[in-house]
Amino acid sequence: MTISGRNVDAMLHGNVVPDSISFDSLLPGVTLDCEVMGTNRGLRVARIHSLDASTAEPEEQRAVSPMFPAMLKFFKWEKGFGFFFDPQGGDDIFIHYETLARCGIDHVLENQTWLIATIKTPKGQHVVNIAQYGP
């Protein structure tokens with residue numbers, strides 16, 4: 001996100017995204033005209049005025065991995081996110097509630113194995129697709 005010409009990180013919760021903006025348009029690198037507020041956990045987007053998708057990263061930089069099995073470490077429903085263990089031994093892999101909802105999944109449990117596809121972001125791997133694993 002850019003604030004006064006500087007790139008900064010700010011938490012963007014789905015409840016501040018207006019109906020006029022699709023979640024699919026919130027790609028890495030988009031520019032938001034927004035209001036932010038400071039919290040004890042850092043900056044948080046309070047309101048979005050507009051979105052400029054022309055600054056989004058090129059699609060080839062958002063390459064999606066093939067689906068692979070991974071075990072869910074935890075998911076905090078009250079916060080809307082969780083993490084998978086990386087089967088290759090790397091950093092944990094982030095998953096957001098919106099990904100579950102978009103894929104038609106309404107329930108996940110710790111230590112369940114799922115098929116996931118990820119993208120690399122500046123903050124690590126993020127799940128972009130998830131499906132049941134096994135029979």
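**Note on the charged and aromatic contacts**

1. Aspartate 92 is partly exposed, with a relative accessible area of 29%, a value that comes, like the others in this note, from a predicted model. Its salt-bridge partner, lysine 73, also counts as partly exposed, because its relative accessibility of 31% lies between the limits of 20% and 50%.

2. Side chains of opposite charge can pair when their charged atoms come close. In the salt bridge between lysine 73 and aspartate 92, the closest N and O atoms are 2.6 Å apart.

3. Turning to the rings, the structure holds six aromatic pairs. One of them joins tryptophan 77 and tyrosine 97 in an edge-to-face arrangement, with 6.3 Å from centre to centre and 70° between the planes. Here too distant parts of the chain are linked, tryptophan 77 being in the loop between strand 5 and strand 6 and tyrosine 97 in helix 1 (residues 97–102), 20 residues apart. Tryptophan 77 is partly exposed at 35% relative accessible area, and tyrosine 97 is partly exposed at 37%.

4. The rings of phenylalanine 83 and phenylalanine 94 have centres 5.6 Å apart and planes at 70°, so this pair is edge-to-face. The pair connects distant parts of the chain, with phenylalanine 83 in strand 6 and phenylalanine 94 in strand 7, eleven residues apart. Phenylalanine 83 is partly exposed, its relative accessible area being 23%.

5. One aromatic cluster is formed by Phe74, Phe81, Phe83 and Phe94.

Key: Residues are numbered from 1 along each chain as its sequence is written. This is a predicted model: local features need pLDDT of at least 70, side-chain atom pairs count only at pLDDT 80 or more; totals for chains, interfaces and linings use all residues. Side-chain values use heavy atoms; hydrogens and water are left out. A salt bridge is a side-chain nitrogen of Lys or Arg within 4 Å of a carboxyl oxygen of Asp or Glu. Buried means under 20% relative accessible area, exposed over 50%, partly exposed in between (1.4 Å probe, protein chains only). Rings of Phe, Tyr and Trp (its six-membered ring) pair if their centres lie within 6.5 Å; planes under 30 degrees apart count as stacked, over 60 as edge-to-face and the rest as tilted. Helices (H or I, at least four residues) and strands (E, at least two) are DSSP runs, numbered from the N terminus.
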